[in-house]
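Subject: Structure handover

Hello,

Here is the structure you are taking over. Please open it next to this message and follow the notes below.

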Amino acid sequence: MRHDRAPSLAWLASGQEAAGSPAGPVVPGTLHARSLAGHLRVAPDIGRTISFGRSRGPENELTVGREDTGVSRRHGEVSYHDRSWWLRNTGQRLMRLPRGQLVHTSTDPVPLAPGYTPVFVRGFGYREHLVELYVTDHGDTGPRARDSAETVPPRRWPLSDAERLALVVLGQEYLRYDLEPRPLVYRRAVEQLRAVQPEYGWTERRVQERVSAVRRRLDHSGLVEAKLLRDADDDASDATLTHNLLRELVDSTTLVPPDLAALELALDALDGEA
């Protein structure tokens, strides 16, 4: 018997297809979903809905956070209509998507783009449980191992020596990976910059010019989603724009903790000479 499309529901075990599961092309729009408890594949049938949550059995197709009472028994669902899969929160606590997007029960259903979408289900305290969703595109056979492929490095941004030093001083809390980092105020930054590099003639204006130049360069690249420049009709603060810049530079590993270690060594040496 020939199978031209995937079945409505096929269970997969530990990220690998179970014995006897059909091989061959996968219908575009097929949904793959995985948690620690299991893995399933669902064809894009109109009206099809899968649910996930703490309960096992007929209430959910996928179990997540089974031992965590902060996770609702039925915490979320994904439904297929209008040629897309739509994610909805049905639980008491938030779900978190990439780039910090939060989903509440009152939030409109979120369409899933082709490819990979991690969903973090909030549990008790600081716990979060991962549900991995993957929607196949045309010519896509679904998630597959690529353990022998070359690693794609992060996109690191070129900085001049003066730009790097100014941003390392401003971004000290970010380079310590503090939970809620903030840029160092310009006044304190200038004090440290003058101590480390007195010949440059650091002033608050010079710091602002170096930071603004990097913000403009990254914004004009079109590769950064975060807001880096102030529009004519908005009131975004300089601190907010600098925060977004430092987040991008640290997340891309353009700035790394050894940069801060070198700065701190220099400052300690100056203190020792005083």
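In which loop does tyrosine 177 lie? Tyrosine 177 is in the loop between helix H2 (172-175) and H3; helices (H or I, at least four residues) and strands (E, at least two) are DSSP runs, numbered from the N terminus.

This is a predicted model, in which local features need pLDDT of at least 70 and side-chain atom pairs count only at pLDDT 80 or more, while totals for chains, interfaces and linings use all residues. Residues are numbered from 1 along each chain as its sequence is written, and side-chain values use heavy atoms, with hydrogens and water left out.

On confidence: pLDDT is the predictor's confidence in each residue, from 0 to 100. The protein averages 87, and 89% of the residues score at least 70. Over residues 1-23 the pLDDT is below 50, although this stretch has 41 contacts (heavy atoms within 4.5 Å) in the model beyond near neighbours in sequence. Where pLDDT is low, the predicted coordinates should not be read in detail.

Tyrosine 177 has a phi near 60°, a positive value in a residue other than glycine. With a relative accessible area of 51%, tyrosine 177 is exposed; buried means under 20% relative accessible area, exposed over 50%, partly exposed in between (1.4 Å probe, protein chains only). Aspartate 82 also is a residue other than glycine with a positive phi, near 55°. Aspartate 82 sits in the loop between strand S7 (76-81) and strand S8 (84-89), and counts as exposed at 62% relative accessibility.

Next, helix H3 (residues 186-196). Tyr186, Ala189, Val190, Gln192 and Leu193 are buried there. Seen down the axis of H3, the buried residues fall within an arc of 170° (taken from the directions from the helix axis to the C-beta atoms), so they line one face of the helix.

A nonpolar core is a set of buried Ala, Val, Leu, Ile, Met, Phe, Trp, Tyr and Cys residues joined through side-chain atoms within 4.5 Å. The largest has 31 residues, and those with the most contacts inside it include Leu167 and Val207. H1 gives the most to this core, with 7 residues. Leaving aside neighbours within four places in sequence, valine 207 is in contact with Leu170, Tyr186, Val190, Leu193 and Trp202. Apart from this core lies another, of 23 residues, among them Met95 and Leu112.

Last, leucine 31 is in strand S3 (residues 31-35) and is buried, with a relative accessible area of 0%. Leucine 31 and leucine 112 are 81 residues apart along the chain, and their C-alpha atoms are separated by 9.7 Å.

Regards
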